[in-house]
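Please read them with the coordinates open.

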Amino acid sequence: TMDSISSLNEEIIACRKCPRLVEWREQVAREKRKAYRDQEYWGKPVPGFGDPHARLLVVGLAPGAHGSNRTGRQFTGDGSGGFLYPALHRAGFANQPHSSARGDGLALHDMYISACARCVPPDNKPSNEELNNCQPFLEREIEIIRPKVIVALGRVAFDRIVRIYSTSIHGLSSTVKFSHGAVFSLMT
């Protein structure tokens with residue numbers, strides 16, 4: 001499993017399928033935010049992160065311009081991670097309540113974090129084509145990890161998960177609707 005995830009992550013990091021996203025992520029990494037002027041930005045697609053044997057998969061939208069696009073790790077170095085990682089620590093999924101950079105000692109237990117889009121999109125809005133280009137990466141993560149529970153953070157992530165599972169569960173897309181806190185079974 002670890003070899004499969006490592007191999008997939010290498011493939012994700014090397015991806016250049018979406019010209020608009022490649023240009024934007026690299027421009028953000030070059031121009032930088034003043035607060036991070038002295039830091040080297042990751043500026044590449046951001047792979048998933050966590051326990052490859054996890055029962056829980058969390059799926060977000062995309063890397064943040066000066067968070068994950070800077071640090072190279074999902075939900076790391078920005079406000080969303082400042083909220084998420086303390087909650088994960090309290091719940092027992094993270095060994096520490098903060099995440100500031102790759103290599104900061106953060107480890108996830110029984111949880112893996114991923115995203116629908118692996119490159120930071122302008123205005124936080126990836127196109128449908130860009131999401132379609134990334135979807136095989138998410139599908140392969142699901143195949144490798146085989147999570148028992150998937151938490152979709154937001155409508156775009158929810159819609160992508162439904163789209164992936166709709167191929168194996170007839171009528172799924174017409175029976176589930178996005179809403180905060182909603183729970184659906186994806187058992188076939």
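Predicted model: local features only at pLDDT ≥ 70, side-chain atom pairs only at ≥ 80, totals over all residues.

1. Residues are numbered from 1 along each chain as its sequence is written, and side-chain values use heavy atoms, with hydrogens and water left out.

2. The sheet is open and mixed in its pairing, with 4 strands in the order S1-S3-S2-S4; helices (H or I, at least four residues) and strands (E, at least two) are DSSP runs numbered from the N terminus, and two strands pair if DSSP finds at least two bridges between them. Strand S1 (49–50) and strand S4 (149–152) are at the edges with a single partner strand each, so one side of each is left without a neighbour in the sheet.

3. Strand S2 (residues 56–60) and strand S3 (residues 111–115) run parallel and are joined by 5 bridges, with Leu56 standing opposite Met111 in S3. Helix H5 (residues 128–145) packs on the sheet and touches S2, S3 and S4, its direction making about 170° with that of S3. Contact here means heavy atoms within 4.5 Å, while axes are lines fitted to C-alpha atoms, for helices over the stretch in contact, with angles running from 0 to 180 degrees between N-to-C directions.

4. Not counting residues up to four places away in sequence, Ala117 touches Leu61, Ala62, Pro63, Pro126, Leu131 and Cys134.

5. Asp104 is placed in the loop between helix H4 (79–90) and S3, and its side chain makes a polar contact of 2.8 Å with that of Arg73. Such a contact is a pair of N or O atoms within 3.5 Å; within protein, one must be able to donate a hydrogen and the other to accept it, and residues adjacent in sequence count only if both atoms are side-chain atoms. Arg73 also lies over the face of Phe49, at 4.6 Å from the ring centre, and Arg70 lies over the face of Tyr36, at 3.6 Å; the criterion is NZ of Lys or CZ of Arg within 6 Å of the ring centre and within 35 degrees of the ring normal.

6. The structure holds 2 aromatic pairs, for which rings of Phe, Tyr and Trp (its six-membered ring) must have centres within 6.5 Å, planes under 30 degrees apart counting as stacked, over 60 as edge-to-face and the rest as tilted. Phe158 and Phe178 are edge-to-face, at 5.6 Å centre to centre with 65° between the planes. Phe158 lies in helix H6 (residues 155–166) and Phe178 in the segment after helix H7 (172–175), so this pair ties together parts 20 residues apart in sequence.

7. The rings of Phe158 and Phe184 have centres 5.8 Å apart and planes at 50°, so that pair is tilted. Ring pairs thus link Phe158, Phe178 and Phe184 into a cluster, in which Phe158 is buried at 13% relative accessibility, Phe178 is buried at 19%, and Phe184 is partly exposed at 34%.

Key: Buried < 20%, exposed > 50% of the residue type's maximum accessible area, 1.4 Å probe, protein only.
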